[in-house]
Structures are given as C-alpha cells and as structure tokens.
Amino acid sequence: MANHQIEIENKAMKEILIAMHNLGGQVTRKQVLQELHDNSKVFSEKEIDEVRTSKKSGKEYHPFHWKFNFAVKHLILAGFIDTDNGHDLELSKKGRTVDIDDFDADRDVRSISESKMPHRKVTRVKVNSVSDSTNSNQGDSEDLEEPWRQQLLDALIKMSPKKFELFCRGLLTKMGIDVDDEIGVQYVADGGLDGFGYVRSDDYRTTRVALQAKRWQGKVSAPEIDKFRGAMDKFNAEFGIFITNSDFTRDAVKTARQGTRIITLINGDQICDLVAKYNYYVEPVTTYRLKSFYLDED
C-alpha cells in the first residue's frame, strides 16, 4: 500500500512539472489538474476522475486529487514550485531548468521534502494506513473551495434545460457577445443550437459564434461535439462555444480542437469563474483567511 502510494505520487510529480512547463509556468492548482486530465499520457481519465465514498463520513472524494495534492506539496517543499497561497503556483528557477528526462522524484524531491513534510513525520506505513475518510480530508485541505461554487453547480443541475440555456445566453452577453434575438432562442426547432451571436474583435471585424448548452449529469462526449459542429455549419458560424455544468471527456477535448473551427469548451468549474468575474446573478462578499503567522506553532 505504502509503496504503491509513493509510486503514484512520484509519477504525479513529473507529470505536474511537465504540465506546468506546457502551461507557461505560472498557473493555478486547478489548471494543472485539468491539464493532466486532458493530456496526461501516464494517468488515464478514468483514474483521475475516480470517485469513492468514505465509509466513515459517507462523503464522496477523489483519491487521485489527494495524491496530486501531496505531489504538489513535495515539489513546493523541494523548491521546484513557488506559491504564496497554495492555490497559485509558479515554477521556481529550479523548476524551470529541471531536466525532465533525467528527473527522479525520490532523488530530486523526496530526499529534500520528506523531512519537511509535517504530516509525514511518522512512518510511511502509518501514514498510508489511515482511513479513506482521512485521505479525503487531507486532499481537500490543499484545495480549499468557497461554498458558493458548489451551491452554484447544484443550482445549475436542478435547472430545466430551457432555464439553463437562458442562463448560458445571459452569461455570453456579459462576456461581450451580441446574442441574436431569434436563432437558438426558441426551445424547439432551433437548428441544433442553443444560441447564436456576434463578436466584434476590433473596429471593423465581426465574427459569428454559435452556442451549445448541455445541462448533464455525466460528461459530454466527442459525438456531442461533432453534432454541434454540424449545427454550426447551418448558420456559417466561424467558431463555437460549448457550455456544460459538468465536464468533457478527453476525446471531446481533442475533437473540439480539430478542424478549421475550434470549439471553446466551458465546464462547470469555468462557469463558476466566469460568474464571479462578471458578477452574473451573484453578490461578492469580502472575507479573510488567516495566514501562517497565526497558525504556526512556536
């Protein structure tokens, strides 16, 4: 158990460094995890998305997220990643210049980070024999979420399809898209679109954009992207935006990037970011989180 746990974390460390290099070196923790979900050749989509239920608390958690967060912590302690808040990550000089092909997690990271890991000053066997509910809590501790985000996602899944389409068209309007008053507005016979609009990119250039909105429990698959691209043809849309409250499969992401017309994919987590950015049916509330000065033991 302990060795398997360490093996996965070691693989994750290398994949995290690769992902951060691919993304430019300055990213959020979620962006790194999304990059692994969409493009990792080491971890499958199924492995990253796996959900378990804690026998103790009855709550659901993602085992991979827990391992991922520990891998990030090791890289921070070993000096490969800099962070002020645990959420925004940046490759240090050591991280930027690392030779990925020669990278060895045990030699380059654990030899430095293990002694600095406060929750691992016990034997590895003890650490890895904790209950699944403890694993869940430790993983979540590195990825603090504002409660409103989950409240929003819960509200979206309860919406009728018609109201969700209305929500998505309104969000696009907030984003600066001139939404058409007719195309895609009718709930039936809309030609396979849930919205249509125009984006003015400068003083003289305007492009046509099509919208597809899917309020789904599961993930949106590649065939749905293909169907949307076919609907775009009917209205000569130059690009498309596909919005879902859930997420997209790895194949769906690849399909959206193929062809001459790229389709922008917006999942539930990104919806939350956009709602906050444009203050769309939300009220901002100021709060504070104590920094380590108050929490560290002297």
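This is a predicted model: local features need pLDDT of at least 70, side-chain atom pairs count only at pLDDT 80 or more; totals for chains, interfaces and linings use all residues.
**Figure 1. Ring pairs join Phe 164, Phe 167, Tyr 280 and Tyr 281 into a cluster.** Rings of Phe, Tyr and Trp (its six-membered ring) pair if their centres lie within 6.5 Å; planes under 30 degrees apart count as stacked, over 60 as edge-to-face and the rest as tilted. Residues are numbered from 1 along each chain as its sequence is written, and side-chain values use heavy atoms, leaving out hydrogens and water.

**Figure 2. Here is the whole protein, with 14 helices and 10 strands.** Helices (H or I, at least four residues) and strands (E, at least two) are DSSP runs, numbered from the N terminus. Of the 298 residues in the protein, 44% are buried. Buried means under 20% relative accessible area, exposed over 50%, partly exposed in between (1.4 Å probe, protein chains only). Among contacts (heavy atoms within 4.5 Å) with a separation of 6 or more, 64% join residues 24 or more positions apart.

**Figure 3. Trp 66 and Phe 70 form an edge-to-face aromatic pair.** Look for the two ring centres, 5.1 Å from each other, and for the angle of 85° between the planes. Both residues sit in helix H4, and because they are four residues apart there, about one helical turn separates Trp 66 from Phe 70. Trp 66 is buried, and Phe 70 is buried too.

**Figure 4. Phe 196 and Phe 235 make a tilted ring pair.** The pair counts as tilted because the planes stand at 45°, with the ring centres 5.8 Å apart. This pair links distant parts of the chain, 39 residues apart. Phe 196 belongs to strand S7 (residues 195–200), while Phe 235 lies in the loop between helix H11 (222–234) and strand S9 (239–244).

**Figure 5. Helix H2 (residues 29–39) meets helix H4 (residues 63–77).** Their axes come within 12 Å and cross at roughly 120°. Axes are lines fitted to C-alpha atoms, for helices over the stretch in contact, and angles run from 0 to 180 degrees between N-to-C directions. H2 and H4 are therefore oblique to each other; angles under 35 degrees count as roughly parallel, over 145 as roughly antiparallel, 65 to 115 as roughly perpendicular and the rest as oblique. On the H2 side, Arg 29, Val 32, Leu 33 and Leu 36 make the contact, and they meet Phe 64, His 65, Phe 68, Asn 69, Val 72 and Ile 76 of H4. Sorted by class, this contact has seven nonpolar, two polar and one charged residues. Ala, Val, Leu, Ile, Met, Phe, Trp, Tyr, Cys and Pro count as nonpolar, Asp, Glu, Lys and Arg as charged, and the others, Gly among them, as polar.

**Figure 6. Zooming in on H2, we find Leu 36.** Leu 36 counts as buried, with 2% relative accessibility. Which residues does Leu 36 contact, leaving aside its neighbours within four places in sequence? They are Glu 15, Ile 16, Ala 19, Ile 48, Phe 64, Phe 68 and Arg 250. Leu 36 and Ile 16 are 20 residues apart along the chain, and 7.6 Å separates their C-alpha atoms.

**Figure 7. H4 also packs against helix H6 (residues 105–113).** The axes are 8 Å apart, at an angle of about 80°, which means that H4 is roughly perpendicular to H6. The classes here are four nonpolar, two polar and one charged residues.

**Figure 8. Arg 149 is part of helix H9 (residues 147–158).** Although its side chain is of the charged class, Arg 149 is buried, at 10% relative accessible area. Not counting residues up to four places away in sequence, Arg 149 touches Lys 30, Asp 269, Cys 272 and Asp 273. Ala 276 is 127 residues from Arg 149 along the chain, with 9.4 Å between their C-alpha atoms.

**Figure 9. Thr 28 lies in strand S1 (residues 26–28).** Thr 28 is buried, at 18% relative accessible area. Setting aside residues up to four places away in sequence, Thr 28 touches His 87, Asp 88 and Leu 89.
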